[in-house]
Amino acid sequence: MVVLVTGASGQLGQSIKHIAASHSSLSFYYADSKEGDITNKAALEKLFKEVKPDYCINAAAYTAVDKAETDKEQAYAVNVNGAKNLAEVCSSEGAKLIHISTDFVFDGTKSTPYTEEDNTNPQGVYGLTKRQGEQEIEKALKEYYIVRTSWLYSQFANNFMKTMLRLAAERDSLGVIDDQKGTPTNAVDLAEAVLKIIESGKAAYGIYHYSNEGETTWYGFAKQIFETNNVAIDLKPIPTSAYPTPAKRPQYSVLDKSKIKYTFDIQINSWEKSLQPYK
């Protein structure tokens, strides 16, 4: 079974590469933003004809949440038109699409975990373009899995964990937001879940939620990162109001994982257990 991974140089793409050897029934082809430019439909059609994938995992996205507020055209090009292009090419070439989406499609006003049936109400350009991308896929394709995730981190690319450790090496104290709740997700765990969907062979198409289990704040996440890596720093909890950003973040974005666990028999670790010492 041939699996094409777009966005191969990002966190999820590199995490898939990291575990690929343990999934010997799958043959992977990795395309970065140059070879697999999802904003270029003609290039995608050429790539699909060469690779002939059974599945395409779309790990390509515009994820600069704050920058998206002013860089709307590029965010739209990647997150909306890119998703549309991939869905249409998957449809014409007979490939199944697994598209990675985000907790930012929700407004964060709930106080219980978001299910796949909850209404979306994105509060910024990033969340809006990701939701519009989902809708383009739903219109263009029948054989798709949309997997929403949250607070993704790993030993690869840029993410909150690496930023915290870098800042701790530069400063004696650090203030981190303590009134936004969500769930950190190890990108390697997400990669395993995505490959399990493929290996299951189940045609249970639709939207799914995946993150690690439990919930915390950014402050709680940072505290655990420093404890796990034996980093001593004066860490202070601060309110969102003390750190204004161009894009509004959801105050609460914990995802309900019942559907993906039940459908694909996926066991999910707590976020604390999945947080390994950074190598």
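**Cavity**

I started with terms: on a 1 Å grid over the protein atoms alone, a cavity is a set of points where a 1.4 Å probe fits but cannot get out, a pocket is an open set with protein on both sides within 12 Å along at least five of seven lines, and lining residues have an atom within 4 Å of a point. Grid points are joined across faces, edges and corners, and a volume is the space filled by probe spheres set on the points. This is a predicted model, where local features need pLDDT of at least 70 and side-chain atom pairs count only at pLDDT 80 or more, while totals for chains, interfaces and linings use all residues. Residues are numbered from 1 along each chain as its sequence is written, and side-chain values use heavy atoms, with hydrogens and water left out.

How many cavities of 30 Å³ or more does the structure hold? I found one. The largest cavity has about 50 Å³ of space. Its lining consists of V65, F104, F106, Q123, G124, G127, A247, K248, R249 and P250. I sorted that lining by class and got five nonpolar, three polar and two charged residues. For the classes, Ala, Val, Leu, Ile, Met, Phe, Trp, Tyr, Cys and Pro count as nonpolar, Asp, Glu, Lys and Arg as charged, and the others, Gly among them, as polar.

**Second largest pocket**

Next I looked at the second largest pocket, with about 220 Å³ of space. Helices (H or I, at least four residues) and strands (E, at least two) are DSSP runs, numbered from the N terminus. The lining has 14 residues, and Q155, N186, S274, Q276 and P277 lie nearest the pocket centre. By class I noted five nonpolar, six polar and three charged residues.

Is N212 buried or exposed? N212 counts as buried because its relative accessibility is 0%; the cut-offs are under 20% relative accessible area for buried, over 50% for exposed and partly exposed in between (1.4 Å probe, protein chains only).

A polar atom of the N212 side chain lies 2.9 Å from the backbone nitrogen of N186. The N212 and S274 side chains make a polar contact of 3.4 Å. I count a polar contact as a pair of N or O atoms within 3.5 Å; within protein, one must be able to donate a hydrogen and the other to accept it, and residues adjacent in sequence count only if both atoms are side-chain atoms. Beyond four places in sequence, N212 also has contacts (heavy atoms within 4.5 Å) that include T183, D189, K257 and W271.

S211 sits in the loop between β10 and β11. S211 is buried too, at 0% relative accessible area. Leaving out residues up to four places away, S211 touches T149, S150, T183, T185, L255, K257 and I268.

**Strand residues**

G206 is in strand β10 and is buried, with 9% relative accessibility. Setting aside residues up to four places away, G206 touches Y144, Y145 and I146. I98 is in β4 (96–102) and is buried at 0%. I98 and I198 are 100 residues apart in sequence, yet I read 8.9 Å from C-alpha to C-alpha. Contacts of I98 outside its four-place neighbourhood include Y55, Y145, V194 and I198.

**Helix α1**

In α1 (residues 11–19) I listed Q11, L12, G13, S15, I16 and I19 as buried. The buried residues of α1 pack against several elements, including β1 (2–6), β2 (27–31) and α6.

**Positive phi**

Most residues other than glycine have a negative phi, and I wrote down two exceptions. K52 has a phi near 55° and lies in the loop between α2 (41–51) and β3. N230 has a positive phi of about 55° and is in the loop between α7 (218–228) and β12 (234–238). K52 is exposed, at 60% relative accessible area, and N230 is exposed at 73%.
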